[in-house]
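Student: I would like to learn how to read this model, feature by feature. Can we go through it together?

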Amino acid sequence: MERVLSIVEKVNSAVNGFVWGLPMLILLVGTGILMTCLTKFFQITHIKHWIKNTIGGIFKDSHVTAHTEKEDTQISQFQSLCTALAATIGTGNIAGVAAAIASGGPGAIFWMWIVAFFGMMTNFSENVLGIYYRRRNERNEWCGGAMYYLRDGLGSKKGMRHVGSGLAVLFSVFCIGASFGIGNMGQVNSIAVNIKSAFGIPAIATGIFLMILGGLVIVGGLKRIASVTEKLVPFMAVIYLIGALIVCIVHIDQAGSVFTSIIKGAFGMRAVGGGIVGSGVAMAVQWGMKRGVFSNEAGLGSSVMVHSSSNVREPVVQGMWGIFEVFADTIIVCSITAFTVLSSGLVDLETGAVISDQVSTALVAEAFSTVFGKFGYAFIAIAILLFAFSTTLGWSQYGSKGFEYLFGRKNVKIYQVIFVAFIVVGATMDLSLAWDISDTLNGMMAIPNLIGVLALSGTVMKITQNYVQRKIFHKDVKPMLSALDHIQTVHEEEIKKMAV
């Protein structure tokens with residue numbers, strides 16, 4: 001058995017080295033750069049428009065937050081954002097940022113920002129394609145995601161039918177595997193470990209409590225998950241950000257030094273941990289990119305499965321929510337975590353070396369304890385509980401959509417029951433190998449997804465140009481709303497009614 005595990009570990013390590021290696025990171029960032037260029041830097045040139053129609057719309061436009069009727073299987077735009085953020089704002093925003101600083105130095109944060117900037121347009125493109133190629137299932141629910149734009153978008157190109165269908169199946173398989181690992185057991189294990197160290201509560205007790213809580217929400221389907229996440233995500237994000245901002249304000253005198261350290265570390269003006277300048281830059285770039293992608297998931301094709309269930313009609317509108325999702329996750333939450341750690345005195349800002357012997361979440365907890373004392377550790381334990389549990393809720397929806405694509409809507413309950421049962425397994429197991437395998441599967445989701453985005457990049461460009469002409473330049477142009485004629489017709493009629 002040990003020999004089998006050893007072989008599995010070696011094979012996974014080799015695959016993981018490619019999946020999360022430099023070629024893959026270049027592909028991820030390269031896709032973002034391409035989509036940024038094709039859409040004429042939409043995230044900057046139309047920043048006022050997308051802010052107004054996303055976070056700005058929450059306070060001004062009732063259509064953004066209005067719940068759908070009980071028999072309506074759609075969710076609101078705000079609920080789709082919160083469910084997607086529930087999955088992306090997780091341990092990566094705390095442990096991932098600390099790991100990036102510890103391994104790549106303060107300069108890694110700069111490259112995390114770069115990844116996020118271009119990742120905004122990767123996420124935008126995924127959501128545009130998700131809405132454009134989505135369809136209804138037998139329960140009248142919207143079904144969208146990489147599997148549909150691979151099968152129906154890429155597959156519609158000459159000679160690509162079988163390629164598109166095959167990649168759609170691969171994406172779904174990788175998605176289901178990742179949902180059990182990083183989306184479930186890995187998150188729950190982080191909760192159990194932190195709760196035990198902070199409050200002394202046994203892992204099995206935490207696991208059973210989370211299994212019951214998760215079961216009540218997950219088995220209820222997307223609308224119940226969305227109704228929970230739209231309350232939980234804003235609450236947990238605001239509470240965490242307030243705590244982190246207090247630490248930053250107390251150490252405000254370090255702000256200039258922190259920013260200088262990030263910029264100098266990013267370009268090798270200063271060696272990481274006293275090492276060679278060249279290797280320091282390479283580590284900063286690799287860890288910044290890797291943890292940036294891990295945190296916001298742009299390019300993995302995961303959150304598009306929830307965004308596609310929105311009651312929105314315009315693909316670009318949901319694309320703009322994708323831009324905001326990456327902005328909120330990385331530019332806001334990850335940056336504040338980074339400034340909290342770097343300003344706390346736990347990192348030598350001259351060399352980039354971590355002075356503390358703590359790692360991962362414990363490093364962030366120690367940063368909080370410089371202001372809040374022992375309560376800092378409890379605060380981070382509770383933050384991890386909320387962040388990681390919300391991630392589990394979000395990923396349960398991703399996995400169920402992958403399962404539905406492969407086995408049909410009527411069998412989804414089987415997946416949900418197994419997923420909930422694995423919550424206890426995650427709380428009580430040593431998950432090092434399981435975590436590594438699911439990390440690999442998570443990255444492998446990106447390969448078929450990015451192939452789809454790149455192959456359909458021209459479609460994204462046309463849909464974006466069409467929207468800009470109609471909504472920003474007010475030209476009378478036929479809208480591009482769906483690849484399916486009957487859905488296109490219905491959406492056109494609905495938009496006309498809303499305009500009257």
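Student: Is T459 buried or exposed?

Tutor: Start with the ground rules. This is a predicted model, where local features need pLDDT of at least 70, side-chain atom pairs count only at pLDDT 80 or more, and totals for chains, interfaces and linings use all residues. Residues are numbered from 1 along each chain as its sequence is written, and side-chain values use heavy atoms, with hydrogens and water left out. Now the term: buried means under 20% relative accessible area, exposed over 50%, partly exposed in between, with a 1.4 Å probe and protein chains only. T459 has 17% relative accessibility, so T459 counts as buried.

Student: Where does T459 lie, and what does T459 touch?

Tutor: Helices are DSSP runs of H or I with at least four residues, strands are runs of E with at least two, and numbering starts at the N terminus. T459 lies in helix α22 (residues 457-472). A contact means heavy atoms within 4.5 Å. Leaving out residues up to four places away in sequence, T459 touches L129, Y132 and Y133.

Student: How many helices and strands are in the protein chain?

Tutor: The chain has 23 helices and 2 strands. Of its 500 residues, 59% count as buried. Among contacts with a separation of 6 or more, 80% come from residues 24 or more positions apart.

Student: Which residues have the most contacts inside the largest nonpolar core?

Tutor: The general idea: in soluble globular proteins, nonpolar side chains tend to be buried together. A nonpolar core is a set of buried Ala, Val, Leu, Ile, Met, Phe, Trp, Tyr and Cys residues joined through side-chain atoms within 4.5 Å. Here the largest core has 129 residues, and F42 and Y240 have the most contacts inside it. Helix α9 (residues 107-132) gives the most to this core, with 16 residues. Beyond four places in sequence, the residues touched by Y240 include N93, V333, F368 and F387.

Student: What makes the nonpolar surface patch of about 370 Å²?

Tutor: Patches use residues with over 30% relative accessible area and no salt bridge; like charges are joined within 9 Å, nonpolar side chains (Val, Leu, Ile, Met, Phe, Trp, Tyr) within 5 Å. Areas come from the Shrake-Rupley method with a 1.4 Å probe; for residues, only the protein chains shown count as cover. I204, I208, I212 and L216 make this patch. I212 is found in helix α12 (residues 203-218). With a relative accessible area of 49%, I212 is partly exposed.

Student: How many salt bridges does the structure hold?

Tutor: A salt bridge is a side-chain nitrogen of Lys or Arg within 4 Å of a carboxyl oxygen of Asp or Glu. The structure holds 5. In one of them, E314 pairs with R470, the closest N and O atoms being 2.8 Å apart. E314 lies in the loop between α16 (304-307) and α17 (315-343) and R470 in helix α22, so the pair ties together parts 156 residues apart in sequence. E314 and R470 are both buried.

Student: Where do K401 and E404 lie?

Tutor: Both lie in helix α19, 3 residues apart, about one turn of the helix. K401 counts as buried at 6% relative accessibility, and E404 does at 8%.
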